[in-house]
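Hi,

Here is the structure I promised to pass on. My notes follow below it.

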Amino acid sequence: MTDLKAVGARALSREPHAARRPRVEPRRHSIFTTVDLARDGKQMGYFHVPQSPHDDAWGTVRVPLAVVKNGEGPTVLIEGGNHGDEYEGPIALGEFLRQIDPAEITGRIIAIPAINIRAVEAGRRTSPVDGLNFNRSFPGDFDGTLTRQIAAYVNDCLFPEADYFLDLHSGGSSLMILPSAIIESGTTPENHRRNIEATLAFGASTVVMVDNLGETRTSTAAANRQGLTVVGTEMAGGGLVSQGALALCRRGIRNVLIHAGVLKGEIDLPPDANSRILKVAGGPAYMIAEDEGVFEPLTPLGADVRAGDVAGRIHFLHRPEREPIVLRHAGDGVAFAMRQPGKVRPGNCVYVLATDYPAEEWS
Ligand code: ZN
């Protein structure tokens, strides 16, 4: 039996691996920064994406970019605000940046706490500028619309600088998710193993392996393709700020930095850390609404369910004579995510089930 706490507490290697990857020149672009990625100390600045809208002919979209560096060592890139209605990561990351003294680290932290800035300003999952989902826009395009330009900058200019990538998500407006550290699928067994070790260091009680149905356009998929060690999170949701998830996020940021060998100190794993290691096992794990109506969820988040258990009902408010549709879970598992808005249409995801991810499959 693998000792999960021991696995979570040690890194396979604390040597920077960015330097060992083949160097690829960024595609041609016009984005510029107010920080120097190579300079020691703490810099809280921006990168600027030149745009030329009606009311700002030579203006830019300004995206927060912070660098904390002390000598040579690994680089950890931390992202918040990938979706603009997911708040625990950006809040915890901002706090961390305000508090951190460069003397406490060895190596470098690059932080982009509100990367999808126009979506963050709007409190929306997608950008109000071009309607795109930043996390379906990689590897991006410097000649594309704003969201694709920002993705290209992260892909071409920040990932090649980094050894680790921590991508802080929450459920957002349409989902409530069991606060979890997320194992992102590595592109090689060695990459996958590194991802698992770093994710177990985060210190969440629930750890879930996801593959987003094989989606290749996410920031974590792009980081994996470049060989970074990748850790994700899902923290509560509903467009709300959860104190419990915030506490988990604050601790997890520090733990991953310690695991990477960047932050001094001991990893702080609570007694229930890594007590449930799960995976979202493909399409059947997603329960999809089959009719238009109002969804009444009947499975509490985190509940253990069995195949055939009632998940919820869809009510038809415009036809009170019609009985609601009863939705039943297709398999055994844990209710990992649940739809937030009551209104549903065919195709909406109402529950996601996670199942055991036994150590034999990954250790
Ligand atoms: Zn998200």
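How many salt bridges does a search of the whole structure find? The search turns up 18, a salt bridge being a side-chain nitrogen of Lys or Arg within 4 Å of a carboxyl oxygen of Asp or Glu.

Some ground rules before the details. This is a predicted model, where local features need pLDDT of at least 70 and side-chain atom pairs count only at pLDDT 80 or more, while totals for chains, interfaces and linings use all residues. Residues are numbered from 1 along each chain as its sequence is written, and side-chain values use heavy atoms, with hydrogens and water left out.

E86 sits in the loop between β4 (75-80) and α2 (88-99) and H169 in strand β6 (residues 164-170), so the pair ties together parts that are 83 residues apart in sequence. Helices (H or I, at least four residues) and strands (E, at least two) are DSSP runs, numbered from the N terminus. E86 and H169 are both buried, with buried meaning under 20% relative accessible area, exposed over 50% and partly exposed in between (1.4 Å probe, protein chains only).

**Domains**

The chain splits into domain 1 (4-280) and domain 2 (285-357), with bounds from an automatic or database domain assignment. Their centres, taken over C-alpha atoms, are 31 Å apart. Contact (heavy atoms within 4.5 Å) involves 22 residues from domain 1 and 20 residues from domain 2. Across that interface the rule finds zero salt bridges.

**Some of the salt bridges**

E361 and K279 pair through their side chains at 2.9 Å, N to O. E361 lies in the segment after β18 (349-356) and K279 in strand β10 (residues 276-279), so this pair ties together parts 82 residues apart in sequence. K279 is buried at 17% relative accessible area, whereas E361 is partly exposed at 44%.

R118 and E121 also form a salt bridge (3.1 Å, N to O); being three residues apart in helix α3 (residues 117-122), they are separated by about one helical turn. E121 is exposed at 53% and R118 partly exposed at 27%.

Cheers
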